[in-house]
Amino acid sequence: MGAPTKEGLDYFPFYVDLLDNDDLDDLRIEYGSIANDVYIALLTLLYRKKGYYIPYSTEQDRADCQRYIFKRVRGGKYSIKQDAIPKVIEALVAKGLFERDLYPEIITSERAQRVYYSATVERSPDSFNIIPKYWILSEATMRKLSKVHPYYKALHLMNKSDDKQNKSDDKPSMSDEKQVRVNNSKITPRNPPEGEKKKDYKAIFFEAYPRLQLGRKDDSKIDYKLLYVAFERSSFLKNGYFSMAWVLTNYDEIINGKFEDEDYISRQFEERNRWYEDRRLKAESAASKALSEAEKDDSFRKLDAEVRKLTVKVGLTAAVDEAAAAELEKELNAAIQKRDARLSELGLDIQVHYYCDRCKDTGYLPNGKPCDCYKEHNG
């Protein structure tokens with residue numbers, strides 16, 4: 001019997017730039033802070049229930065969604081009217097904060113699906129449910145996020161199988177090739193084309209930029225792969241009419257990125273940030289999941305409540321009586337040991353274990369300098 005399907009998430013990252021959006025700013029001008037409230041409530045419902053979308057096609061679906069939001073934003077001196085909520089939802093979709101093409105059947109977004117995909121990368125294939133018609137992430141996007149996600153691997157292999165079948169229905173299979181089984185079907189991986197692993201980047205470079213063939217000098221120290229990549233990242237280099245002598249003179253600056261386009265640098269920065277966000281999400285999701293399991297245990301809940309109470313008490317006492325605070329700290333440490341002992345008995349670990357101890361998966365060291373772990377893992 002398979003594991004029960006868990007559609008939603010226990011945790012999602014609330015990025016510091018979540019509300020920094022010009023389209024959302026326009027809605028705040030029109031609707032006020034309710035735009036923020038509805039947006040955040042929609043995200044919590046989306047991640048909590050299905051994980052990557054909210055059903056919205058039937059009258060009951062819409063009523064459930066709107067009731068959920070109203071319950072969390074109502075009340076107070078400046079309370080909102082319930083009939084304003086569907087208008088704000090439509091405005092959020094119209095502004096592109098949620099996917100327009102799938103509305104009103106469902107409410108989803110690429111950003112939400114990126115989070116869900118990253119959070120479920122370690123789940124078994126039968127423990128979650130992705131509906132293809134509701135899934136908007138491309139295979140290329142999923143590949144950048146993670147190549148080991150069960151959905152990506154199954155989709156990738158099935159696509160390769162379809163391509164192979166379309167190209168040749170009567171070619172005999174290679175008996176010595178490794179095969180992968182997906183949904184009880186054998187799929188033979190494609191062998192790389194002859195010569196794909198070894199490319200002559202010098203020939204590729206001069207084929208792309210034939211004008212630089214003229215006036216070639218000694219280039220024994222040139223890495224043409226680096227040079228080609230640098231040219232492809234720079235509109236200035238690709239379209240410039242300088243000589244090969246100029247290229248050789250400025251070689252170090254070229255391969256070190258001096259002439260890279262700003263949009264390319266921006267994309268690289270975004271990819272780097274996304275890579276770190278995914279790692280933090282995985283680490284923090286694991287700890288959050290363990291905490292959720294631990295909180296089902298009565299003994300742990302009581303011990304954890306005691307730790308929290310003593311933590312606050314130590315902080316308040318330290319400001320007026322250091323000696324008393326020191327005694328309370330002993331009690332706190334004893335309470336922490338009891339709580340951790342109960343966690344050990346349950347076989348759970350609620351600590352966040354980041355992939356990189358140096359930067360805690362933020363990308364930056366305590367001194368503010370970028371961490372090297374990104375380069376170490378991405379070449």
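Contact here means heavy atoms within 4.5 Å, and helices (H or I, at least four residues) and strands (E, at least two) are DSSP runs, numbered from the N terminus. The structure is a predicted model, in which local features need pLDDT of at least 70 and side-chain atom pairs count only at pLDDT 80 or more, while totals for chains, interfaces and linings use all residues. Residues are numbered from 1 along each chain as its sequence is written, and side-chain values use heavy atoms, with hydrogens and water left out.

The mean pLDDT (the predictor's confidence in each residue, from 0 to 100) of the protein is 79, and 81% of its residues reach 70 or more. Where pLDDT is low, the predicted coordinates should not be read in detail.

The helix packing comes next. Axes are lines fitted to C-alpha atoms, for helices over the stretch in contact, and angles run from 0 to 180 degrees between N-to-C directions. Angles under 35 degrees count as roughly parallel, over 145 as roughly antiparallel, 65 to 115 as roughly perpendicular and the rest as oblique.

Helix α3 (residues 59-73) and α4 cross at roughly 105°, their axes coming within 10 Å; the two are therefore roughly perpendicular to each other. On the α3 side, Cys-65, Gln-66, Ile-69, Phe-70 and Val-73 meet Ile-85, Pro-86 and Ile-89 of α4. These contact residues comprise seven nonpolar, one polar and no charged, where Ala, Val, Leu, Ile, Met, Phe, Trp, Tyr, Cys and Pro count as nonpolar, Asp, Glu, Lys and Arg as charged, and the others, Gly among them, as polar.

Helix α4 (residues 85-94) also meets α1, with axes that come within 10 Å and cross at roughly 155°; α1 and α4 are therefore roughly antiparallel. Leu-24, Leu-27 and Tyr-31 of α1 make this contact with Lys-87, Val-88, Ala-91 and Leu-92 of α4. Six of the residues in the contact of α1 with α4 are nonpolar, none is polar and one is charged.

The contact of α1 with α2 has six nonpolar residues, one polar and one charged.

Aromatic pairs (rings of Phe, Tyr and Trp, the last by its six-membered ring, with centres within 6.5 Å; planes under 30 degrees apart are stacked, over 60 edge-to-face and the rest tilted) number 19 in the structure. One of them joins Tyr-39 and Phe-98 edge-to-face, at 5.7 Å centre to centre and 70° between the planes. Tyr-39 lies in helix α2 and Phe-98 in the loop between α4 and β2, so the pair ties together parts 59 residues apart in sequence.

Two backbone details complete the picture. Tyr-103 and Pro-104 are joined by a cis peptide bond, with omega about 10°, and Pro-104 is placed in the loop between α4 and β2. Lys-360, although not a glycine, has a positive phi of about 55°; Lys-360 lies in the loop between α15 (322-346) and α16 (373-378).
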